[in-house]
Amino acid sequence: RRAINPFDIWNNSDDFFNKASRQAQIAQPVSEPIIVTTTLSRHTCYVNQMVILTFTFYRRVNLFEFPSYSPPSTIGFWSVELPPKKAERYENVQGIRYLAQDMKTALFPTQPGKWTIGSATIIARLDLFSAPITVATKPLKINVLPLPKQGKGENSISTVGRFTITAAVDKRVIERGKPFTLKVKVDGTGNIHAIPEPLILMDDNFKKLSVHAADNIIKGFDSVSGSKTFEYIIMPIKEGNGKVGPIKLTYFDPFANKYINLSANPFRIKVLPSNIPLPEEETKLPEKLEKKVVMIDNRIITKTLQVISIIILSGIIVFIIRGAIRKYRKYLDADPVRNRQQMA
C-alpha cells in the first residue's frame with residue numbers, strides 16, 4: 001500500500017496553536033500529543049454489506065511536517081476510500097481538548113467468517129530536534145454472516161443494499177433484422193460494482209446479441225452509492241408483435257432482513273417485415289437441435305486411400321530391405337577370414 005498524506009490543512013492551524021505555545025511545547029514535551037483510533041459502523045454484518053471503517057487522528061500539537069499514514073490490512077474485503085472532510089473539529093479525549101480529523105473507508109466483505117482488520121499507523125515528527133514517532137491503532141474483529149437461503153433469487157448472490165430499477169428501449173416499431181437497444185439502470189446504495197446482470201424474459205421474436213455494463217460510483221463522506229447501467233443489443237428475428245421483458249433483479253436488504261424482488265415492466269415491440277435476409281448465425285437452430293450433415297466427395301476418399309496404401313507399402317519394403325541387410329552382416333561376421341579374402 002502506498003503512503004498517503006491527507007492532512008494537507010494542518011499548515012494553517014495557527015488559530016489553535018500560536019508561535020508562543022509551539023515554543024513552549026518544544027521546551028516542555030506534552031504527554032500523548034497524538035492519538036489514533038479506528039472504529040467500525042457495525043461489528044456484525046452480511047456478506048457484501050457495506051461497513052464504514054473510520055480512522056480518526058487526534059492531535060494537540062502542531063506537526064513539523066506532514067505525517068505518513070499506512071492504512072490497515074483489510075484482507076477479505078473489497079474497499080473503497082471515501083473523500084475526507086477538509087475541516088477539523090474540536091473533541092475532548094479524557095478531559096483534554098484535541099483537534100480531530102476522520103478518514104473513512106467503505107468495506108464490503110467478500111466471504112463469511114470471522115475476520116480481523118489490521119492496525120493503521122501514523123508516523124509523525126513533532127519538531128526539528130526530535131525523531132519521528134509511530135502511533136498505531138488496535139486491530140478490530142468483525143463477524144461476517146452468509147446471506148440467508150430463504151427467498152434468495154436466481155441473481156441475488158452478491159447484491160446487498162437498497163436499489164431501484166428502470167428500463168427503456170430506443171425503438172418500439174422496427175424492421176426484422178435491424179437491432180435495437182434496451183437500457184436497464186440499477187440505482188441505489190451498496191456495492192455498485194457487484195450488481196449482476198438482471199434477468200430479461202423475452203419472446204422468441206427476439207435474440208440478445210450483446211450486453212455492456214458501466215458503473216457510476218458516487219463516493220460520499222459516509223457511504224457508497226451510484227448506479228450500474230446495462231446496455232443490451234437485441235435483434236428482432238421474426239415478424240409480428242412481441243414482448244421484451246419483464247426485467248427482474250433480486251437483492252438482499254440487510255436493514256429489512258429480507259430479499260426484495262425488483263421488476264421493470266415489459267416493452268411491446270412491433271416487428272415489421274423486411275426483404276433483408278438475416279445473418280446465418282441469427283436464423284440457425286440451437287446447437288442441440290441443429291442437424292450437422294457433412295458431405296464428402298468420393299474422389300477425395302479414393303485419393304486418400306491411395307496415399308495411405310503407398311505409405312504402408314513403402315514401409316513394408318523398407319522393413320524387408322533392413323532385414324536383408326542385417327542377415328547379410330551376420331553372414332559376414334560368422335567367417336571373418338573369408339570376409340577379408342573377399343575384400344582383398
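Leaving aside residues up to four places away in sequence, Asn-241 touches Asn-205, Ile-269 and Lys-270, where a contact means heavy atoms within 4.5 Å. The structure is a predicted model, in which local features need pLDDT of at least 70 and side-chain atom pairs count only at pLDDT 80 or more, while totals for chains, interfaces and linings use all residues. Residues are numbered from 1 along each chain as its sequence is written, and side-chain values use heavy atoms, with hydrogens and water left out.

Asn-241 itself lies in strand E18, which covers residues 240-253; helices (H or I, at least four residues) and strands (E, at least two) are DSSP runs, numbered from the N terminus. One of its contacts, Lys-270, is 29 residues away along the chain, yet the C-alpha atoms of Asn-241 and Lys-270 are separated by 4.5 Å. Asn-241 counts as exposed because its relative accessibility is 64%; the classes are buried under 20% relative accessible area, exposed over 50% and partly exposed in between, with a 1.4 Å probe and protein chains only.

Turning to the sheets, 4 strands form an open sheet in the order E12-E14-E17-E16, with antiparallel pairing. Two strands are taken to pair if DSSP finds at least two bridges between them. Strand E12 (161-169) and strand E16 (206-219) are the edge strands, each pairing on one side only. On average, neighbouring strands of this sheet are turned by 15 degrees against each other, direction ignored; the axes are lines fitted to C-alpha atoms, for helices over the stretch in contact, and angles run from 0 to 180 degrees between N-to-C directions. Within the sheet order, E14 (residues 180-190) and E17 (residues 224-236) are joined in the antiparallel sense over 10 bridges, and Val-186 has Lys-228 in E17 as its bridge partner.

Another antiparallel pair is made by strand E6 (residues 89-93) and strand E7 (residues 96-109), joined by 5 bridges. Here Tyr-90 finds its bridge partner in Leu-99 of E7. The hairpin of E6 and E7 has 2 residues between the strands, and Gln-94 takes a positive phi near 55 degrees.

For the protein as a whole, there are 4 helices and 20 strands. Of its 344 residues, 35% are buried. Among contacts between residues at least 6 apart in sequence, 75% join residues at least 24 apart. The accessible surface comes to about 21700 Å², of which 56% belongs to carbon and sulfur atoms; accessible areas come from the Shrake-Rupley method with a 1.4 Å probe, and for residues only the protein chains shown count as cover.
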